[in-house]
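Have a look at the model below and turn it around a few times. We'll walk through some of its helices, rings and single residues together.

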Amino acid sequence: MSAQYLLQLSVSLAGGLKYTIGLFFITILLSMPLGLALTFLRIGKSRVLKAITGGYVWIMRGTPLLLQLFFFCYGITAIPGIGPYLVMDRFTSACVAFVLNYAAYFCEIFRGGILSVDKGQYEAAKVLGFSRWKTTRLIVLPQMLKVSLPSISNECITLVKDTALITAIGITEVLYFAKSAVNRDVNALAYLVAAGFYLIMTYGLTVLFRRLERKYNY
């Protein structure tokens, strides 16, 4: 294959990066705060809220992301009464599915990190006159983040790969263009080019999180 054909493939597939990268950042920016909020509900004192949050996490982690993607894209409008008000374009429905799914995973990651903080530090903070919010902000969250960084890194790398799922609902991301090129040219090289795009993105995240881990472990 000529270098010109390879360049054309790369340019064509790069056209899908706006959706791949856009979905990645939207999911990270919204699912992490939502996951943290869910964590506080799960470790809170209200049994009702703990049960509701636990049920939500169980459903979102226990069903395939692709199924959730299809539901929010095609099935949510079938809900009696409110269905017609929930109509979304395909990219918006993909964002909703990804944010809600990843929030459940981040919830469990953050919960594990918070539970790893020694109980004695809460008591020490109370003796020093720290409020509950100040204790959480200055003592608990920094330690939780340090413990959770490897798991957060894994989730972010998984997210890059999961963005390829949106090709199933017809969104023109990287894999969509790769499939189109293969069908058009009867040549699987486009899949290798697409793999290169994903590997570059995951490598960048790997380097970023390694630096963050070294900083927090210093």
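Let's start with α2 and α3: their axes come within 8 Å and cross at roughly 135 degrees. The two helices are therefore oblique to each other, a word that covers whatever is left once angles under 35 degrees are called roughly parallel, over 145 roughly antiparallel and 65 to 115 roughly perpendicular. Here an axis is a line fitted to C-alpha atoms, for helices over the stretch in contact, and the angle runs from 0 to 180 degrees between N-to-C directions. Where do α2 and α3 meet? On the α2 side you'll find Leu38, Leu41 and Arg42, and across from them in α3 sit Leu49, Lys50, Thr53, Gly54, Tyr56 and Val57. Contact means heavy atoms within 4.5 Å.

Before we go on, a word on the source: this is a predicted model, in which local features need pLDDT of at least 70 and side-chain atom pairs count only at pLDDT 80 or more, while totals for chains, interfaces and linings use all residues. Residues are numbered from 1 along each chain as its sequence is written, and side-chain values use heavy atoms, with hydrogens and water left out.

**The whole chain**

The chain has nine helices and zero strands. Helices (H or I, at least four residues) and strands (E, at least two) are DSSP runs, numbered from the N terminus. The C-alpha trace spans about 70 × 55 × 20 Å along its principal axes. Of the 218 residues, 37% are buried; buried means under 20% relative accessible area, exposed means over 50%, and partly exposed is in between (1.4 Å probe, protein chains only). Among contacts with a separation of 6 or more, 76% join residues 24 or more positions apart.

Which residues of α3 are buried? They are Thr53, Gly54, Val57 and Met60. Seen down the axis of α3, these buried residues fall within an arc of 135 degrees, so they line one face of the helix. That arc is taken from the directions from the helix axis to the C-beta atoms. An α-helix has 3.6 residues a turn, so residues three or four places apart point the same way. On the other side of α3, Arg47, Val48, Ala51, Ile52, Trp58 and Gly62 are exposed. The buried residues of α3 pack against α2 (17-42), α4 (65-75) and α5 (90-115).

Now for α4, where Leu65, Gln68, Leu69, Phe72 and Cys73 are buried. They cover an arc of only 125 degrees around the axis, which puts them on the same side of α4. Their packing partners are α3, α5 and α7 (132-162).

**Rings that pair up**

How many aromatic pairs does the structure hold? There are nine. Rings of Phe, Tyr and Trp (its six-membered ring) pair if their centres lie within 6.5 Å; planes under 30 degrees apart count as stacked, over 60 as edge-to-face and the rest as tilted. Here are two of the pairs:

| Pair | Centres apart | Angle of planes | Kind |
|---|---|---|---|
| Phe24 and Phe25 | 5.3 Å | 85 degrees | edge-to-face |
| Phe106 and Phe110 | 5.9 Å | 15 degrees | stacked |

Phe24 is buried at 10% relative accessibility, whereas Phe25 is partly exposed at 47%. Phe106 and Phe110 both lie in helix α5, four residues apart, about one turn of the helix. Phe106 is buried, with a relative accessible area of 0%, and Phe110 is buried at 5%. Both belong to one aromatic cluster that also takes in Phe98, Tyr102 and Tyr105.

Thr202 lies in helix α9 (residues 189-217) and is buried at 13% relative accessibility. Not counting residues up to four places away in sequence, Thr202 touches Ile157 and Val160.

Ala168 is in the loop between α7 and α8 (174-185), partly exposed at 39% relative accessibility. Leaving aside neighbours within four places in sequence, Ala168 is in contact with Leu66, Phe70 and Tyr74.

Finally, Ala124 is in helix α6 (residues 119-127) and partly exposed at 40% relative accessibility. Ala124 and Ser2 are 122 residues apart along the chain, and their C-alpha atoms are separated by 67 Å.
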